[in-house]
Amino acid sequence: MEGVAPAVSLFRPRASARFPVLLAADSGAARRSTGAGGRSSVRKHGGTEAPPRRPGITRLPKLGTAVSTKRSERGKDPLINLEVSHHRAVAAVRLLRIEKGKAFVDLLNEKANDSGDNEMGYVERTLGFRTRYLEDRDIRLVTVIVAGTVRWKRYLDYLIMSLCSEEKVFREMEPLLLQILRIGFFEILKLDVPAYAAVDENVRLAKVALRPGAGNMVNAILRKLVLLKETNSLPLPKIEGDERAQARALSIIYSHPVWMVRRWIRFHGKDEALRLMNWNNSDPRFSLRVNTSKGYTRADLVKRLESLQVHYEESIMDEFVRIREGMQAVIQAGLLKDGICAVQDESAGLVVSVVDPQPGETIIDCCAAPGGKTLFMASRLSGEGKIWALDVNKGRLRILMEAAKLHGLDVMITDIHADLRLYTKETTAKYDKVLLDAPCSGLGVLSKRADLRWNRQFEDLEELMCLQDELLDSASTLVKPGGILIYSTCSIDPEENEKRISAFVQRHPEFATQSVCEYVPKKFVTDEGFYSSNPTKHSMDGAFAARLVRSMHKILGVPQGQN
Ligand SMILES: C[S@@+](CC[C@H](N)C(=O)[O-])C[C@H]1O[C@@H](n2cnc3c(N)ncnc32)[C@H](O)[C@@H]1O
């Protein structure tokens, strides 16, 4: 099931829903509202999107006590609509913006994800009214709905299209109406929100944000859906026919792109492909790494978590704790902001174990930003040694250095803003260890990146593999004789992982693979001696790493300067 277990109780209908009101926060607003017959005029807003007509809304001249007025107090927020459910309104607008590429799905830091002034501005310009500022519970609901609706988009759209009178109605549906329907379908099918609440609230949103006709359409389609769900007769495709047809059906039922389904069935078999898709559709699990460089221990972190009543589990790694429930409490208590710990998946931590940083070493992290692994490596150096953090993305590199300062590690890290391929042409510097955490498809982290599956095309893989080869060639020139090159990805795709390494050692006989068995628990070591974490096997993100040792001696056939 998608979403969090307590979601059902969180979705109880609001008492105020029975009393449609658009409250005016000041008398000026009351003057601007039209009076006659309860019909509202279309008010012009500063934004590009004109607000839709909202007939049937009563505007009251006084601010009710139930209205949150952060902006009203500043005299800027005259109109707050209490008729619609606030979190659904914000979710619909965020979904619209994600679809246009103007927002992203942030599963972790919901507060920072634009849920303040900016987002309310978008809501007002898009819907034509302002909602009250969201409380923590609402923000959590927005996150659950947005992430879930994005994950399940293919499944939801298939059902919405099936329940429209004809395909053309679906294809030509206005974007906001489609988002409202997706929310309703997701709530009913995956969150088990009581049908009456999901229908009622989404019909109201469509009526107020669009027009009565749109509300009627949402009503008709959602009621049809409720009936089909109750009779267990959802019109889903049958898994039958040839391999391609089966993959297409599975891609709808499990809401993944067809190419991914086909690829996973080919590489891992059908059962594992299904397990993987189930994992990607489930709530992501987060882990915390305690910041030992500031003198904190895991016991200190555990104590703080217990005082916050956060549910946690011990990790296989000394510095880590797995969070089962209560990530918001961690964020709100300032544990991240104060540099006590960082959010990091154990799968990424294990890559650092493969690097095995030792005090006194020189290490270059070739694709370092935003710095999760750089910081962990630096803290393992125990104050002795140095790390160079290189990345082509200046903004992300800035985030890395800010985090380094927060963690008290900035003295050990030097940033280099460059394209690795160009940088290595100009430098003669050599390092004890070189980490290449390469740009990749991210197919191992789809549960945390709800929208990634829709942003990746099959063609991207080809391009990424070429880049990975080029970066490997460049990174290899930075390794001292006898030094170590570590190649890692957050992908589970063999072509981005094992295949890149076998191609690399063929091109570079001066490098030989070294088993990672000394560095990570046995269950993560593949037959070929690589590190590999798998979501369905290890209940963590998918990741890969290989350790390659550079020969101490010159190898015949290797061009001068590269050996
Ligand atoms: C997988 S991310 C690195 C994540 C990072 N190691 C961490 O643990 O937080 C890949 C990084 O490669 C960088 N990158 C992509 N192409 C690059 C290039 N040609 N030279 C240097 N960095 C590059 C991207 O900007 C991105 O930050």
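In which loop is the place of Ser255?

**View 1. The loop that holds Ser255.** In this predicted model, Ser255 sits in the loop between helix H11 (243–253) and helix H12 (258–268). Its phi angle is near 55 degrees. That value is positive, and Ser255 is a residue other than glycine.

View 2. Ala369 and Pro370 are joined by a cis peptide bond. The omega angle of this bond is about 5 degrees. Pro370 belongs to the loop that runs between strand E8 (362–365) and H17.

**View 3. The shell around the ligand.** The ligand is surrounded by 21 residues. The closest of them are Cys367, Asp391, Arg396, Leu420 and Asp437. By type, the shell consists of 12 nonpolar, 3 polar and 6 charged residues. At least two shell residues come from each of helix H17 (372–380), strand E9 (386–391) and helix H19 (420–426).

View 4. Asp437 has a polar side-chain atom 2.7 Å from a nitrogen atom of the ligand. Gly372 places a backbone N or O atom 3.0 Å from a ligand oxygen atom. For Lys373, an N or O atom of the side chain is 3.3 Å from an oxygen atom of the ligand. Taken alone, the ligand exposes 610 Å², and the protein buries 85% of that area.

**View 5. The contact between domain 1 and domain 2.** The chain is divided into four parts: domain 1 (57–230), domain 2 (243–280), domain 3 (286–343) and domain 4 (346–550). On the domain 1 side, 6 residues take part in the contact, and domain 2 supplies 8 residues. The size of an interface is often given as the accessible area lost when the parts come together. Between them, domain 1 and domain 2 bury about 580 Å². Carbon and sulfur atoms account for 56% of this buried area. Within domain 1, the residues that lose the most area to domain 2 are Arg151, Arg154 and Tyr155. Together these residues make up 73% of what the domain 1 side buries.

Note on methods: Residues are numbered from 1 along each chain as its sequence is written. This is a predicted model: local features need pLDDT of at least 70, side-chain atom pairs count only at pLDDT 80 or more; totals for chains, interfaces and linings use all residues. Side-chain values use heavy atoms; hydrogens and water are left out. A residue is near a molecule or strand if one of its heavy atoms lies within 4 Å of it. A polar contact is a pair of N or O atoms within 3.5 Å; within protein, one must be able to donate a hydrogen and the other to accept it, and residues adjacent in sequence count only if both atoms are side-chain atoms. Accessible areas come from the Shrake-Rupley method with a 1.4 Å probe; for residues, only the protein chains shown count as cover. Helices (H or I, at least four residues) and strands (E, at least two) are DSSP runs, numbered from the N terminus. Ala, Val, Leu, Ile, Met, Phe, Trp, Tyr, Cys and Pro count as nonpolar, Asp, Glu, Lys and Arg as charged, and the others, Gly among them, as polar. Domain bounds come from an automatic or database domain assignment. Contact means heavy atoms within 4.5 Å. Buried area is the accessible area (1.4 Å probe) that two parts lose on being put together, summed over both.
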